[in-house]
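Good morning, and thank you for the time.

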Amino acid sequence: MAVVVNKPIPEFEALATSGIKVSNQTHLGQTVVLYFYPKDNTPGCTTEAMQFRDKYKDFVKAGAHVFGVSRDNMKSHDDFKTKLELPFELIADTEEKMCHMFGVVKNKIMYGKKVKGIERSTFLIGADGVLMQEWRGLKVPGHVEDVLKAVKTLKKAV
């Protein structure tokens with residue numbers, strides 16, 4: 001099942017750094033930001049992670065949990081999290097279950113070859129488990145501010 005704005009997100013379960021289990025049920029009652037990114041330790045992904053890190057306290061204040069998601073394994077995520085001092089958890093979607101569910105696996109051209117990659121995307125899930133907003137194929141500059149603004153708007157609406 002794919003995700004659809006204004007509909008509950010389908011069932012899923014994943015493992016994140018710090019041994020945390022994340023599912024469609026674990027954070028009911030809380031706003032969740034899931035941001036999908038292509039790969040740990042690449043320039044755009046590092047910049048995006050640092051921007052979420054730098055605004056993390058604002059997200060928490062607005063009542064949101066932030067999770068980064070990529071196909072990297074847990075060791076890569078642990079190293080990336082430590083290196084950048086990320087205060088939020090990273091989900092290792094090595095089997096691409098969440099990536100396919102959220103529809104972020106896309107054909108890309110890298111160095112002249114077709115490859116399957118992750119389209120940088122962010123999803124805002126309301127406290128009731130409903131997908132409230134999505135950003136797909138986004139550019140990093142200004143994106144974290146846009147998501148934070150949407151989280152704050154959502155908080156005011158509750």
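I shall speak about salt bridges, then a cavity, then the surface and some backbone angles.

First, the basis. This is a predicted model, in which local features need pLDDT of at least 70, side-chain atom pairs count only at pLDDT 80 or more, and totals for chains, interfaces and linings use all residues. Residues are numbered from 1 along each chain as its sequence is written, and side-chain values use heavy atoms, with hydrogens and water left out.

Let us begin with the salt bridges. How many salt bridges does the structure hold? There are eight, where a salt bridge is a side-chain nitrogen of Lys or Arg within 4 Å of a carboxyl oxygen of Asp or Glu. One of them joins the side chains of Asp72 and Lys39, at 3.1 Å from N to O. This pair links distant parts of the chain, 33 residues apart: Asp72 sits in the loop between strand 4 (64-70) and helix 3 (74-84), and Lys39 in the loop between strand 3 (31-36) and helix 1 (43-54). Helices (H or I, at least four residues) and strands (E, at least two) are DSSP runs, numbered from the N terminus.

Is Asp72 buried or exposed? With a relative accessible area of 8%, Asp72 is buried, whereas Lys39, at 44%, counts as partly exposed. Here buried means under 20% relative accessible area, exposed over 50%, and partly exposed in between, with a 1.4 Å probe and protein chains only.

A second salt bridge brings together the side chains of Arg71 and Glu96, at 3.0 Å from N to O. Arg71 lies in the loop between strand 4 and helix 3, and Glu96 in the loop between strand 5 (89-92) and helix 4 (97-101), so this pair ties together parts that are 25 residues apart in sequence. Arg71 is partly exposed, at 28% relative accessible area. A further salt bridge is formed by Glu134 and Arg136, at 3.3 Å from N to O. Both residues are partly exposed, Glu134 at 29% and Arg136 at 33%.

On a 1 Å grid over the protein atoms alone, a cavity is a set of points where a 1.4 Å probe fits but cannot get out, and lining residues have an atom within 4 Å of a point. Grid points are joined across faces, edges and corners, and a volume is the space filled by probe spheres set on the points. The count comes to one cavity of 30 Å³ or more, and the largest cavity has a volume of about 90 Å³. Of its 14 lining residues, the closest to the centre are Ile9, Ser23, His27, Val32 and Ile125. Strand 2 (20-23) and strand 3 are the elements that give two or more residues to this lining.

Next, the surface. Tyr111 is exposed, with a relative accessible area of 82%, and is found in the loop between strand 6 (105-110) and strand 7 (113-118).

Finally, the backbone angles. Which residues other than glycine have a positive phi? Asn41 has a positive phi of about 60°, and Glu96 one near 65°. Asn41 is placed in the loop between strand 3 and helix 1, and is partly exposed at 39% relative accessible area.

Key
1 Å grid on protein atoms, 1.4 Å probe; cavity = no way out; pocket = protein on both sides within 12 Å on 5 of 7 lines; lining within 4 Å.
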